Amino acid sequence: MGVQDVLTRKTGVITGDDVLKLFNYAQEHNFAIPAINVTSSSTIVASLEAARDAKAPIILQMSQGGAAYFAGKGVANGKQEASIAGGIAAAQFIRAVAPVYGIPVVLHTDHCAKKLLPWLDGLLDADEKYFKEHGEPLFSSHMIDLSEEEVEWNIKTTAEYLKRAAPMKQWLEMEIGITGGEEDGVNNEDVDNNSLYTQPEDILNIYNALSPISPYFSIAAGFGNVHGVYKPGNVKLQPELLGKHQAHVKAAIKAKEDKPVFLVFHGGSGSSKEEFQRAIGYGVVKVNLDTDLQYAYLTGIRDYVLIKKDYIMKQVGNPDGEDKPNKKYFDPRVWVREGEKTMSARVTEGLKDFNTAGQL
């Protein structure tokens, strides 16, 4: 038996109860799904290819900047118009191609801070329009990240957005406790280290506020996470805090299950396999990967250019002869594909580290 046996929709973008079933199955079988930040059709297919070959589900997500890039760097984004249009375009592309890869895909958006809420509002408008036509939202889920704001306002505002998503059975991820480092223009490199560790009381307060609205939510709790890859410093990951969160909520609500909360691991690049495994054991169902994959994508293209340097300096003429054409070397389908291969290999590594491989 595999995860596809519990899903109504076996392949392509899944929503609603299927997302809930996927995350329940992940907790029960001790694995997490990698969430891959995608910025183009190329990074999308590299991720889908890895998941298909590993027989695994996958989460494809866009940041606000990644969505804008999908629309084109030349498009104005003063009112989030590029991020909204690019997010919708990427979602439609993923919905079109995902079924041919034969795997279930969760279609998600990444961090949305307070200043970026107009972006989320625009995507929710698209979700509601799609829901009227198809009976499901365009996106499987979104993330709202108000962790830099006061805790009470964070929870209150998140609850308001969950109320909007709930009629569509749309998943909402929220963050409490700050993820350090820098990602996509959001810089938390100078925050106090204590802010990187969420308290069990906060998790319970979130659960009590959101669970009466909808069961479709998850929490990215801080346990020392840092975006990017940095040299070891004073902050260290403490996955055991996640176990304390689960125990605290379980006792308070008198839950039968040991892991009543769906947890998310942010800042996963550079972490050890042992740290991932410990976090997954405490109920983490989603792990974000971005920085490692950006570098992996680069390496394939970088190495190709270095190896084929003498074949791409001009259109005609190379070490094999002055009259030899070089089109087969500078065709973007050749060198972009090299980046896809190396990115795909790194996604495969994550699928193995998180126990996702072979779960279909």
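Analyst: Gladly! Buried means under 20% relative accessible area, and exposed means over 50%, with partly exposed in between. Please keep in mind that this is a predicted model.

User: Why is Ile36 called buried?

Analyst: Ile36 has a relative accessibility of 0%. The cut-off for buried is under 20%, so Ile36 counts as buried. Ile36 sits in strand β2, residues 33-37. Setting aside neighbours within four places in sequence, Ile36 is in contact with Ser47, Ile58, Ile59, Leu60, Gln61, Leu289, Leu293, Met343 and Val347.

User: What makes Ile103 buried?

Analyst: The reasoning runs the same way: the relative accessible area of Ile103 is 1%, and buried means under 20%, so Ile103 is buried. Ile103 is found in the loop between α4 and β4 (104-109). Beyond residues up to four places away in sequence, Ile103 touches a number of residues, including Gln4, Leu48, Ala98 and Leu360. Lys10 is also among the residues Ile103 touches; the two are 93 residues apart in sequence, yet their C-alpha atoms are 6.8 Å apart in space.

User: Why is the pair Asp53 and Arg52 called a salt bridge?

Analyst: A salt bridge needs a side-chain nitrogen of Lys or Arg within 4 Å of a carboxyl oxygen of Asp or Glu. For Arg52 and Asp53 the N to O distance is 2.8 Å, so the pair qualifies as a salt bridge. Arg52 itself has a relative accessible area of 35%, so it is partly exposed.

User: How do you know that Glu136 and Arg95 tie together separate parts of the chain?

Analyst: Their closest N and O atoms are 2.9 Å apart, and the two form a salt bridge. Glu136 lies in the loop between α5 (117-134) and β5 (141-144), whereas Arg95 is in helix α4 (residues 81-97), so the pair links parts that are 41 residues apart in sequence. Both Glu136 and Arg95 are buried.

User: What separates Arg278 and Glu274 along their helix?

Analyst: About one helical turn, because Arg278 and Glu274 are four residues apart in helix α9 (residues 273-281). Their closest N and O atoms are 3.5 Å apart, and the limit is within 4 Å, so they form a salt bridge. Arg278, at 31% relative accessibility, counts as partly exposed, and so does Glu274, at 44%.

User: How many salt bridges does the structure hold?

Analyst: The structure holds 20 salt bridges.

Note on methods. Residues are numbered from 1 along each chain as its sequence is written. This is a predicted model: local features need pLDDT of at least 70, side-chain atom pairs count only at pLDDT 80 or more; totals for chains, interfaces and linings use all residues. Side-chain values use heavy atoms; hydrogens and water are left out. Buried means under 20% relative accessible area, exposed over 50%, partly exposed in between (1.4 Å probe, protein chains only). Helices (H or I, at least four residues) and strands (E, at least two) are DSSP runs, numbered from the N terminus. Contact means heavy atoms within 4.5 Å.
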